[in-house]
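Here are a few exercises to work through with the model open. Try each one yourself before reading the solution.

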Amino acid sequence: MATNAREDATCPVCLQVFTSAPRVLPCSHTFCERCLQRLCDMHAEQGRDGFPCPYCRGPTPIPEEGASGFPSTCPELETTADHVPLCQTHAGERLRFVCITCKTFLCVVCKSTAHHTHRTENLSTVASRCRRALEERYEPWLQRMVREQEGQLRAIAKDSEAAESRFGALCKRIAATVQGSEEETVAWRNQAKWQLLMEFREESSEHRRLSKKVQQERDRLSVLLARVKDAVQSETNPCRVVEIHKELLKMANEQLIESMISMS
């Protein structure tokens, strides 16, 4: 829905054209302040003093001021006093409609000229419908997925602890084994321990890989859940409410398709 001139000014986390102050991290990657503040809050609540960059995973210390402590770059998107963005084609005109045909936001002039034969709805009506769907459908759905990811993390940690216990128990059994001469016994024990250690390291490496993957997905869903809560409770820009709903609808459809493919 953004014009070509603004496509580059997009936050990699929320995938929206910047509507809050863009901030640059030490690794030089730029995100909107709102997404960064959610990351700061989420990791601070977990007792961490930093977080990995969502793009490159580089270490990022949390400033004392929160996200506003990161350097700012690019001007904020121009909005009116009632937080409704202005049309980028017709200066000074508020976006008041949604073109259902083209899936874009319109001002009065857009609606009466280029889109006059298209199906349109009032932006406020569409935003209210999207806000209700976010609250009743998508917020519980995301909460459930976050819980599932946290359950997977606990299961992986439990498997890792069990593997470590098995390794210790088997090492003790090997040490207590008596076989042949003392020299033969020592050689056999060392070989058995070495093979067991290699297997344990491979299993531990797989646990760490899975844990990192699940944690990244949990963090991504947590940020998205925070955005949905903001859209439901405090978002004053109706365009953002509609865009977030569109993003969640696409995500739900993609997950449905993946489920159907896996069942076939």
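**Exercise 1.** Find the helix that holds Gln152, then decide whether Gln152 is buried, partly exposed or exposed.

*Solution.* Start with the element: Gln152 sits in helix H3 (helices are DSSP runs of H or I, at least four residues, and strands are runs of E, at least two, numbered from the N terminus). Next, accessibility: Gln152 counts as partly exposed because its relative accessibility is 38% (buried is under 20%, exposed over 50%, partly exposed in between, with a 1.4 Å probe and protein chains only). Finally, look across to Arg218: it's 66 residues away along the chain, with 9.8 Å between the two C-alpha atoms.

This is a predicted model, where local features need pLDDT of at least 70 and side-chain atom pairs pLDDT 80 or more, while totals for chains, interfaces and linings use all residues. Residues are numbered from 1 along each chain as its sequence is written, and side-chain values use heavy atoms, leaving out hydrogens and water.

**Exercise 2.** Work out which element gives the most residues to the largest nonpolar core.

*Solution.* First, the core itself: it has 33 residues, with Leu123, Leu134, Leu142, Leu248 and Met251 making the most contacts inside it (a nonpolar core is a set of buried Ala, Val, Leu, Ile, Met, Phe, Trp, Tyr and Cys residues joined through side-chain atoms within 4.5 Å). Then the suppliers: S5, S6, H3, H4 and H5 each bring at least two residues to this core. H3 gives the most, with eleven.
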